[in-house]
Every structure is written in C-alpha cells, then in structure tokens.
Amino acid sequence: MFYGVEIQSGLRDWQVLQRKNGQAKVTLKGRWQLEKGAVRAGVRSATPVWRLVNEMDQSGIIPWTPCDRQTGGDVLTGDEVKGAWEADVALPQGGSYRLETSLDAVSKESGDHWMFHGDIRVHIGVGDVFCMAGQSNAAGYAKGWAFDPPDVRVHLQRNSGKWDMAAHPMNDATDAADCVNAPMSVTGTSPFLSFGRRYADETGLPVGLVQAAQGGSPMARWDNARNGDLYRNMIEKIQAAGGVRAILWYQGCADADRENAAQYEESFVRMVQDTRKELGWEIPFFTMQLNRYETQPDAASWGKIKEIQRRSALTLEKVWLLPTAGLPLSDEIHNSAAGNVTLGQMLARQVHGALNGGLPFEAPDIKTARWENGVIRLSFRNVSGLTRLRPLHDAADFRLTDEQGENAIQNVSVQEKDLLLVPARPVRGIAHLSYGAHPQGPEGAIVDQQTYLPIISFDHVEVCL
C-alpha cells in the first residue's frame, strides 16, 4: 500500500533540464496518502512539500516548500486520507541536485509537524541540453578504443526514453523496440560524450544529450516534405526532453549519389526551417562536414554534398560548420574512436564560443578566388594565418578546370592569410576550383595557425579573372 508522497510526472532521475535565464521551470505532479495510524493519532492537516539539495555536500538549495495545488488534506476525518498535488518548481542552473518530497502532517493537539516519507529524484541537473541528429557518425559507429569515460556531469536521454549517466554506446536499442532511430547493428564510440565532457569543462554546467541519430539515414527521412519519419522522431524527443539548446548534426554520406545530391540543399534548408517553426524559435544547428569515404565511387556527388554543407553555414542564420578532414577512420567511412574523441573536443569549443561568448573557434573558409599576375590568390574568412602541415600533398588536393579542361596545380604557397596557387598554364575563360572535395581527400593539411582547424573543403568555386 502506498503512503506518503508520490511523484508521478515532472522529473526523472538523471534528467538535465535546459536552462533559461539561469533556471529551469517544471511542474511536478503526483498523489499523496496518509497512513491510517497517523489519522487515528490526531492529525489536523497534511500538505505535500518539496525541497532541493546539493548532492555534492548535502547542503540545502531550496528549503521545504508547500505544494502549489492540492486536493484533500484540509480537515482530516475517516480512516484514510488521500489526494493529488502539484508544485511549480524553479530550479537554479547547476547540479547535481536531489529533489525530495515529504508529507507535512500537523498534530491537532500540539501543532507538531510529522514529516512522512516522499519520493525523491536524484542526479538532477540544470544546464544545456543538445540533440544529436544525423546518420552513423552521429549515432556513434566508431570502432577501436580510446579513453572516453563516463562523466557524472554528462547525462543522456536514451532511446528507451529514460535518462541515465551518458556512456557508450550512446545509441542502443535496449527497451526501445518502437523507437524510430533505434539501431539494427552494434554501435560504438560517439563524438558526443567527449563533447559533453569538454563543454562541461568550459561552462561549469551539467550537459544533457538527446539521442535522435540513425546510421545510414538519408536526408529524405529528415525532410518532413518527403519521408520525414526521423524528423518527426527528433521533434518528439526534443519536446519530451523539455527543450534543447542546439542541434548537433552530422549527416550526408547516404545522399552522395546523383539523385539525392540534387535534392540535398533544398531538403536540408527545409529541415532547418521546419524545425525552427515547430519549436517556435531559431534553434542553432552545429553541422559537421563529411570526412572521407575510401570506397565512394561517385566523387562528383561527394564534392557536391560537401559544398552544400559549406554554403549552408554561410547562407543560413545560426548554422555553423566544423570540418572533420584529417580525423582517422576505423573503416572505409566511419571515424575511429580516437577521431571521435578529438571531434567532440573541437565541437565543444565551437559551440561554447558561438553560444556563450567563449573564444571563437571557426575553421578557415574560402572567401574569394582571383587570378592575379599568373597565380590564383585564395582569400579566407575566419583565419589568423595559414600553415601547411603536409606540404608535399597540398597541390594534389586542389582541382582546377577551365575552358580548356583540367589545369594541374604545380605549386602552393602561403602569403600571410592567403594561399597562392600556380597552375600548369594560364587560366582560360570561366574557371572553377575545388579543394578536398574528393571522397579520399584532402591528403594534405592546411590549417589556421591559431585554432589548428583545417580549411573547409569547397567544390566548384568560380575563379574571378
């Protein structure tokens, strides 16, 4: 038989709530019931109460507070007294917290307060929550090992709908048979545990992660105007979590063919717009450019997807792009475990810089390509200075075509923030330049001197004569 206070909705163990203006507001709902012996002993009234405790040192954050709404309990008569209760709770950012409830019963004769048992919720945090969306590299299919341990500050809403301390695998099918993005194969290391740990270091806040990615998923499943099942699943998960700070997006491999690549930009833009309309605000998207695909036969479509990813970050508000070029692979297409740990750290720095006023952490991106006195001058945005880490490979990473066909790059040099390219012959007519757009590239590494982020790959950028 249940006696005391029960929490039926509002909070779950391990849950991280998205902060807003330094706090998170939730409504707790439940039921209460007083034990028969207490009624016979002479209780005048019974009120469900709650308090918030710091789990680190057991200090009180919010003292015992009566519930806001209650049925029953004003005048106690009979052998059993029970009712329902609700409490509007504002939790300050931080944690880890423990929320406790109790039934505050007052004696008729002495006025003494007898505190009866109530449910508790443990390991609660108020910080920033992020939705992980996309395909296999977002779902975490990295093989191999890397030091990437759980962290009590980083929590995960699993595919089962339950909150837990985040640990690999981040995308599993346990108790999640009906979950749209539940995997069919064994997943491995995700970049987002590393992200959460580093982001918590940067902000001092708990981090919540919401899993919505699925391996192999094409853009059509994220576009509500096409299939859209994964899009709708993502929205439902975000709403179930009570809202998120941003979406972490890593996808595109499945669309690197002629038919899907032709629709990719329209579908991606529509997904961003639909998500913002559904959630009611301009939620940020942090996207990752494709890495490599060793066995990809369609080089043209691969380059087109990478260029769309680059262009989307320029044309859409609050969309950022992080290159993944140079991260090691564990097979022909998936980042390795060590690569994902590095990617998560990079992403945390970028997100913190963009959302919280931390140091900017954006990769060099081509601004202009101009033909000047026998060389092509490339100018970049987001650059403090350029460094060539593997200069023997740089020239092969560029592809130049003009009205006479292919035009090989013979030499690459750095001039402060610009690159100078020397082609095999003068540029004739309309010319286009690509960098790192091939599925197996780039093989070299041209990076910013301050961030060490590589140049964002680009495809078919016009050279101005």
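In the predicted model, S96 is found in strand β8, which covers residues 94-107, and the peptide bond that leads from G95 to S96 is cis, with omega near 20°. A cis peptide bond also joins H168 and P169, where omega is about -5°, and P169 is placed in the loop between β12 and α3. Most peptide bonds are trans, and most residues other than glycine have a negative phi. Against this background, two further loop residues deserve a mention. N21, although it is not a glycine, has a positive phi of about 55°; this residue sits in the loop between β2 (16-18) and β3 (23-34), and it is exposed, with a relative accessible area of 75%. K318, also a residue other than glycine, has a positive phi near 55° and belongs to the loop between α6 (299-315) and β16 (319-322). Because exposed residues have over 50% relative accessible area and buried ones under 20%, K318, at 39%, counts as partly exposed.

The loop between β12 (163-165) and α3 (192-203) also holds S190. This serine is buried, its relative accessible area being 0%, and its side chain reaches the backbone nitrogen of F192 at a distance of 3.0 Å. When neighbours within four places in sequence are left aside, the residues in contact with S190 are A138, A139, G140, D148, H168, M170 and N340. H168, one of these contacts of S190, is the residue joined to P169 by the cis peptide bond described above. A loop residue with another kind of setting is A225, which lies between β13 (207-211) and α4 (229-240) and is exposed, with a relative accessible area of 53%. The C-alpha atom of A225 is separated by 8.2 Å from that of R270, although the two residues are 45 residues apart along the chain.

Turning to the protein as a whole, the model contains eight helices and 26 strands, and its C-alpha trace spans about 100 × 40 × 40 Å along the principal axes. Of its 465 residues, 56% count as buried, while the accessible surface comes to about 19800 Å², with 48% of this area belonging to carbon and sulfur atoms. Among the contacts with a separation of 6 or more, 72% are accounted for by residues 24 or more positions apart.

In soluble globular proteins, nonpolar side chains tend to be buried together. In this model the largest nonpolar core has 73 residues, and those with the most contacts inside it are F130, F192, F195, L209 and M234. Helix α7, residues 337-356, gives the most to this core, with six residues. A second, separate core has 28 residues, among them I7, L17, L28 and A38. The surroundings of F130 can be described in detail: without counting residues up to four places away in sequence, F130 touches F195, Y199, V207, G208, L209, V210, V244, R245, A246, L248, V351 and L355. F192, listed among the residues with the most contacts inside the largest core, is also the residue whose backbone nitrogen is reached by the side chain of S190.

A part of the model that can be followed strand by strand is an open sheet of four strands, which are arranged in the order β17-β18-β23-β22 and pair in the antiparallel sense. β17 (365-372) and β22 (409-415) stand at the edges, and each has a single partner strand, so one side of each is left without a neighbour in the sheet. On average, neighbouring strands of this sheet are turned by 25° against each other, when direction is ignored.

β17 and β18, the latter formed by residues 375-381, are paired over seven bridges, and W371 has I376 in β18 as its bridge partner. β18 is in turn paired with β23 over three antiparallel bridges, and here R377 stands opposite L420 in β23. Strand β23, residues 418-423, is mostly covered, since five of its six residues are buried.

Conventions. Residues are numbered from 1 along each chain as its sequence is written. This is a predicted model: local features need pLDDT of at least 70, side-chain atom pairs count only at pLDDT 80 or more; totals for chains, interfaces and linings use all residues. Side-chain values use heavy atoms; hydrogens and water are left out. Helices (H or I, at least four residues) and strands (E, at least two) are DSSP runs, numbered from the N terminus. Buried means under 20% relative accessible area, exposed over 50%, partly exposed in between (1.4 Å probe, protein chains only). A polar contact is a pair of N or O atoms within 3.5 Å; within protein, one must be able to donate a hydrogen and the other to accept it, and residues adjacent in sequence count only if both atoms are side-chain atoms. Contact means heavy atoms within 4.5 Å. Two strands pair if DSSP finds at least two bridges between them. Axes are lines fitted to C-alpha atoms, for helices over the stretch in contact, and angles run from 0 to 180 degrees between N-to-C directions. Accessible areas come from the Shrake-Rupley method with a 1.4 Å probe; for residues, only the protein chains shown count as cover. A nonpolar core is a set of buried Ala, Val, Leu, Ile, Met, Phe, Trp, Tyr and Cys residues joined through side-chain atoms within 4.5 Å.
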